[in-house]
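Subject: Structure handover

Hello,

I am passing on a structure that you have not worked with before. Please look it over first, then read the notes below it.

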Amino acid sequence: DGATARGIADLPQDVREHLKELTVQSRRYGGLHAASGTLGAGASGSVRLALLGIVFRSVGLPEQYPLARFVMWLRKEGIEKEVRAHVEAHEYDWDEELANFYVAEGLHAALIEAKPQLFASSNSMVDALQNTYPNVQDVSNQEMISAIRTAISRENRLPLTLIVLDEVQQFIRQDPSLTLKIQTIAERLAGRFDGRVLLVATGQQA
């Protein structure tokens with residue numbers, strides 16, 4: 001019915017004022033954005049890839065790193081809708097084509113149609129896609145930051161963003177070294193986005 005959490009919650013006045021100020025500030029920075037999920041449900045073996053999967057999903061991108069980068073390129077080139085329409089017009093399933101984008105005939109035909117100067121043939125495209133968007137087991141901190149910035153930016157502006165990681169305490173219990181990895185990620189997020197990205201991690205004592 002159009003109700004919002006902020007509108008129906010019984011909040012202290014100082015909290016309401018902070019939220020109002022947040023709205024005012026968001027108009028300067030491209031809006032508000034939020035992403036949430038559990039690291040345990042993400043990429044196996046890489047905390048950075050798991051975090052990226054959560055961020056990607058929040059903006060309608062595939063959770064897998066190479067697929068998300070590919071779709072971000074389509075958006076940057078302004079051809080995502082054109083390519084998708086071509087794929088679906090030829091009765092291919094868009095999600096299935098994306099999931100197999102190295103060898104997806106329908107997707108390749110659409111890319112050749114949209115970018116004939118870049119892709120001469122399906123064979124050359126396979127090599128280009130595999131070299132440009134390879135499957136990886138992990139990414140560097142800089143690659144993580146770059147991918148987050150590209151994913152959440154709106155018209156070259158970075159919105160005020162909240163990232164909530166649920167069940168982190170349970171997650172790091174599997175391996176004590178994960179604590180340092182998450183701490184490093186938190187420091188990178190705090191330091192590289194001029195305070196516009198806030199990370200909240202939750203846990204349980206019992």
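The notes below go from the chain as a whole to the sheet, the helices and the aromatic rings.

This is a predicted model, in which local features need pLDDT of at least 70 and side-chain atom pairs count only at pLDDT 80 or more, while totals for chains, interfaces and linings use all residues. Residues are numbered from 1 along each chain as its sequence is written, and side-chain values use heavy atoms, with hydrogens and water left out.

Overall picture

The protein chain has eleven helices and three strands. Helices (H or I, at least four residues) and strands (E, at least two) are DSSP runs, numbered from the N terminus. Read from the N terminus, the order of elements is α-α-β-α-α-α-α-α-α-α-β-α-α-β. Along the principal axes, the C-alpha atoms fill a box of roughly 60 × 45 × 30 Å.

Of the 206 residues in the protein chain, 35% are buried. Buried means under 20% relative accessible area, exposed means over 50%, and partly exposed is in between (1.4 Å probe, protein chains only). Contact means heavy atoms within 4.5 Å. Among contacts between residues at least 6 apart in sequence, 65% join residues at least 24 apart.

The sheet

The three strands make an open sheet, ordered β1-β2-β3, with parallel pairing. Two strands pair if DSSP finds at least two bridges between them. β1 (32-38) and β3 (197-201) are at the edges with a single partner strand each, so one side of each has no neighbour in the sheet. On average, and with direction ignored, neighbouring strands are turned by 15° against each other.

Seven bridges link β1 and β2 in the parallel sense, and T38 stands opposite D166 in β2. Strand β2 (residues 160-166) is joined to β3 by five bridges, again in parallel. L162 has L198 in β3 as its bridge partner, and V164 stands opposite V200 in β3.

Helix α3 (residues 47-58) packs on this sheet and touches β1 and β2, with its direction at about 135° to that of β1. Axes are lines fitted to C-alpha atoms, for helices over the stretch in contact, and angles run from 0 to 180 degrees between N-to-C directions.

Helices

Helix α3 also meets helix α9 (residues 141-152): the two axes come within 10 Å and cross at roughly 0°. α3 and α9 are therefore roughly parallel to each other; angles under 35 degrees count as roughly parallel, over 145 as roughly antiparallel, 65 to 115 as roughly perpendicular and the rest as oblique. On the α3 side the contact is made by R48, L51, L52, V55 and F56, and on the α9 side by N141, M144, A147, I148, A151 and I152. These residues divide into nine nonpolar, one polar and one charged. Here Ala, Val, Leu, Ile, Met, Phe, Trp, Tyr, Cys and Pro count as nonpolar, Asp, Glu, Lys and Arg as charged, and the others, Gly among them, as polar.

In α7, the residues G106, L107, H108, A110, L111 and A114 are buried. The buried residues of α7 pack against α4, α5 (80-89), α6 (94-99) and α8.

Y29 belongs to helix α2 (residues 13-29) and, at 22% relative accessibility, counts as partly exposed. Beyond its neighbours within four places in sequence, Y29 contacts R157, L158, P159, L160 and R196. The C-alpha atoms of Y29 and L160 are separated by 6.7 Å, although these residues are 131 residues apart along the chain.

Aromatic rings

How many aromatic pairs does a search of the whole structure find? There are six. F70 and W73 have ring centres 6.3 Å apart and planes at 25°, so this pair is stacked. Rings of Phe, Tyr and Trp (its six-membered ring) pair if their centres lie within 6.5 Å; planes under 30 degrees apart count as stacked, over 60 as edge-to-face and the rest as tilted.

F70 and W73 are three residues apart in helix α4 (residues 65-77), about one turn of the helix, and both are buried. The rings of W73 and F119 have centres 6.3 Å apart and planes at 80°, so that pair is edge-to-face. W73 is in α4 and F119 in the loop between α7 (105-114) and α8 (122-132), so the pair ties together parts 46 residues apart in sequence. F119 is buried, as is W73. One aromatic cluster is formed by F70, W73, F101, Y102, F119 and Y133.

Regards
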